[in-house]
Amino acid sequence: MTKEYAGFWIRLIAILIDAIILGFIGGVLAAILGALLGQLVQNVSNYLGIILALIYWVYLQNRWGQTLGKRVMKIKVIDDLGQTPSYMTLFLREIVGKFV
């Protein structure tokens, strides 16, 4: 199986699409939680955002091999064997790749 790596601009567009989607979902959740919980939601919003992003990236990439942004840009994440990586591999990939 020949692997073709996506270029910088394609990956950038995919992550921008994902950021827009996550921003919209996060905004809707923040509005709902803000209406229900008031000031308390501001104290936990950063943690909720990180958790939401990890669920989005790890779950979708494990389920389909791609996030919605990657799907639009026709990028798929695979391991050395051409298979979809495990949850743990994707979790570590997202922590190391995006937060460290």
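View 1. Helix α2 makes the greatest contribution to the lining of the second largest pocket, supplying six residues; helices here are DSSP runs of H or I with at least four residues, strands are E runs of at least two, and both are numbered from the N terminus. The model is a predicted one, in which local features need pLDDT of at least 70 and side-chain atom pairs count only at pLDDT 80 or more, while totals for chains, interfaces and linings use all residues. Residue numbers start from 1 along each chain as its sequence is written, and side-chain values rest on heavy atoms, with hydrogens and water left out. A pocket is an open set of points on a 1 Å grid over the protein atoms alone where a 1.4 Å probe fits, with protein on both sides within 12 Å along at least five of seven lines, and its lining residues have an atom within 4 Å of a point. The second largest pocket holds about 170 Å³ of space, a volume being the space filled by probe spheres set on points that are joined across faces, edges and corners. Eleven residues line this pocket, and G26, S45, L48, G49 and L52 are the closest to its centre. The elements that supply two or more lining residues are α1 (8-37) and α2. Sorted by class, the lining comprises eight nonpolar, three polar and no charged residues, where Ala, Val, Leu, Ile, Met, Phe, Trp, Tyr, Cys and Pro count as nonpolar, Asp, Glu, Lys and Arg as charged, and the others, Gly among them, as polar.

**View 2. L48 in helix α2.** L48, one of the residues closest to the centre of the second largest pocket, belongs to helix α2. Its relative accessible area is 39%, so L48 counts as partly exposed; buried means under 20% relative accessible area, exposed over 50%, and partly exposed in between, with a 1.4 Å probe and protein chains only. L48 and F91 stand 43 residues apart in sequence, and their C-alpha atoms are 16 Å apart in space.

**View 3. The largest nonpolar core.** The five residues L22, A53, Y56, W57 and L60 form the largest nonpolar core, a core being a set of buried Ala, Val, Leu, Ile, Met, Phe, Trp, Tyr and Cys residues joined through side-chain atoms within 4.5 Å. Helix α2 (residues 40-64) contributes the most to this core, with four residues.

**View 4. V58 in helix α2.** V58 is placed in helix α2, and it counts as buried because its relative accessibility is 9%. Setting aside residues up to four places away in sequence, V58 touches Y87, L90, F91 and E94, contact meaning heavy atoms within 4.5 Å. V58 and I20, by comparison, lie 38 residues apart in sequence and 17 Å apart in space, from C-alpha to C-alpha.

**View 5. Q61 and K70, two buried residues in contact.** Q61 lies in helix α2 and counts as buried because its relative accessibility is 0%. Not counting residues up to four places away in sequence, Q61 touches Q66, T67, K70, V77, T84, L90, R93 and E94. K70 sits in helix α3 (residues 68-72), and a relative accessibility of 12% is why K70 also counts as buried. Apart from its neighbours within four places in sequence, K70 is in contact with A14, D18, Q61, I75, V77 and R93.

**View 6. K74 in the loop between α3 and α4.** K74 is found in the loop that joins α3 to α4 (87-99), and its phi is near 60°, a positive value in a residue other than glycine. With 74% relative accessibility, K74 therefore counts as exposed.

**View 7. W9 in helix α1.** W9 lies in helix α1 and has a relative accessible area of 61%, so W9 counts as exposed. The C-alpha atoms of W9 and T67 are separated by 16 Å, the two residues being 58 apart along the chain.

**View 8. The whole chain, for orientation.** Of the 100 residues in the chain, 22% are buried. Among contacts with a separation of 6 or more, 60% join residues 24 or more positions apart. The accessible surface comes to about 7,200 Å², with 68% belonging to carbon and sulfur atoms; accessible areas come from the Shrake-Rupley method with a 1.4 Å probe, and for residues only the protein chains shown count as cover.
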